[in-house]
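Biologist: I am new to this structure and should like to understand the reasoning behind its description. Would you take me through the terms one by one?

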Amino acid sequence: MILFFIGIIEMIVISSWTHVVSETRVIASGLITVVNIFIWYYVLQSVVDNIGNIQTILLYALGCAIGTMLTTAWFRFKSPREKQPTPAALD
């Protein structure tokens, strides 16, 4: 069950990394990469230890999907919306 939550956290980290890289934020992208490597190491160790347990892998995959969807939704909500012309601007 812990891999489910690790999957969520990992995808939040990876989605955040993608966001800061696309904004060319050098220091932030480097720091997030270090965090991601430690998460990746834990996941790899856990997967190898549970290689025959498909339920563990499915829970991890579900956590990853949820983490990606949450972060994508957050960035969509947070991003500035296109400004609609006001009625005064149309005159």
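**Reading the helices**

Modeller: The secondary structure of the chain comes to three helices and zero strands. Please keep in mind that this is a predicted model. From the N terminus on, the elements run α-α-α.

Biologist: What share of the 91 residues of the chain counts as buried?

Modeller: The share is 24%. A residue is called buried when its relative accessible area is under 20%.

Biologist: How do you know that the length of H3 agrees with its number of residues?

Modeller: H3 has 25 residues, which should span 36 Å at 1.5 Å a residue. The end C-alpha atoms of H3 are 36 Å apart, and therefore the two values agree.

Biologist: What are the corresponding values for H1 and for H2?

Modeller: H1 comprises 21 residues and reaches 30 Å from its first C-alpha to its last, close to the expected 30 Å. H2 comprises 24 residues and reaches 35 Å, close to the 34 Å expected at 1.5 Å a residue.

Biologist: How is the packing of H1 and H3 described?

Modeller: Two packed helices are described by the angle between their axes and the distance between the axes. The axes of H1, residues 2-22, and H3, residues 54-78, come within 7 Å and cross at roughly 40 degrees. The crossing of H1 and H3 is right-handed. On the H1 side the contact includes Leu 3, Gly 7, Met 11 and His 19, and on the H3 side it includes Thr 56, Tyr 60, Gly 63 and Phe 75.

Biologist: What classes of residue make up the contact of H1 with H3?

Modeller: The contact has eleven nonpolar, nine polar and one charged residues.

Biologist: Which residues of each helix are buried, and what covers them?

Modeller: In H1 the buried residues include Phe 4, Ile 8, Val 13 and Val 20, and their cover includes H2 and H3. In H2 the buried residues are Ser 29, Ile 32, Asn 36, Ile 39, Val 43 and Ser 46, and their cover includes H1 and H3. In H3 they are Thr 56, Tyr 60, Gly 63, Cys 64, Gly 67 and Thr 71, which pack against H1 and H2. As a general point, an α-helix has 3.6 residues a turn, so residues three or four places apart point the same way.

Biologist: Why is Ser 29 called buried?

Modeller: The relative accessibility of Ser 29 is 14%. The cut-off for buried is under 20%, and therefore Ser 29 counts as buried at 14%. Ser 29 lies in H2 and touches Trp 17, Val 20 and Val 21, not counting residues up to four places away in sequence.

Biologist: Why are Ile 57 and Ala 61 called partly exposed?

Modeller: The term applies between the cut-off for buried, under 20%, and that for exposed, over 50%. Ile 57 has a relative accessible area of 26% and is therefore partly exposed. Ala 61, with 40%, is likewise partly exposed. Ile 57 and Ala 61 both lie in H3.

Biologist: What makes Thr 24 worth a remark, and why is Thr 24 called exposed?

Modeller: Most residues other than glycine have a negative phi. The phi of Thr 24 is near 50 degrees, a positive value in a residue other than glycine. Thr 24 lies in the loop between H1 and H2. The relative accessible area of Thr 24 is 63%; exposed means over 50%, and therefore Thr 24 at 63% is exposed.

Biologist: What caps the N-terminal end of H3?

Modeller: Asn 53 caps that end of H3. A side-chain oxygen of Asn 53 lies 3.1 Å from the backbone nitrogen of Gln 55. The cut-off for a polar contact is 3.5 Å, and the 3.1 Å separation of Asn 53 and Gln 55 falls within 3.5 Å.

Terms used: Residues numbered from 1 in each chain as written. Predicted model: local features only at pLDDT ≥ 70, side-chain atom pairs only at ≥ 80, totals over all residues. Heavy atoms only, no water. Axes fitted to C-alpha atoms, helices over the stretch in contact; angles between N-to-C directions. Helix = DSSP H or I, 4+ residues; strand = E, 2+ residues; numbered from the N terminus. Left-handed = near helix turned anticlockwise from the far one by under 90°. Contact = heavy atoms within 4.5 Å. Nonpolar A, V, L, I, M, F, W, Y, C, P; charged D, E, K, R; others polar. Expected span 1.5 Å × (residues − 1). Buried < 20%, exposed > 50% of the residue type's maximum accessible area, 1.4 Å probe, protein only. Polar contact = N/O pair within 3.5 Å; in protein donor to acceptor, adjacent residues only side chain to side chain.
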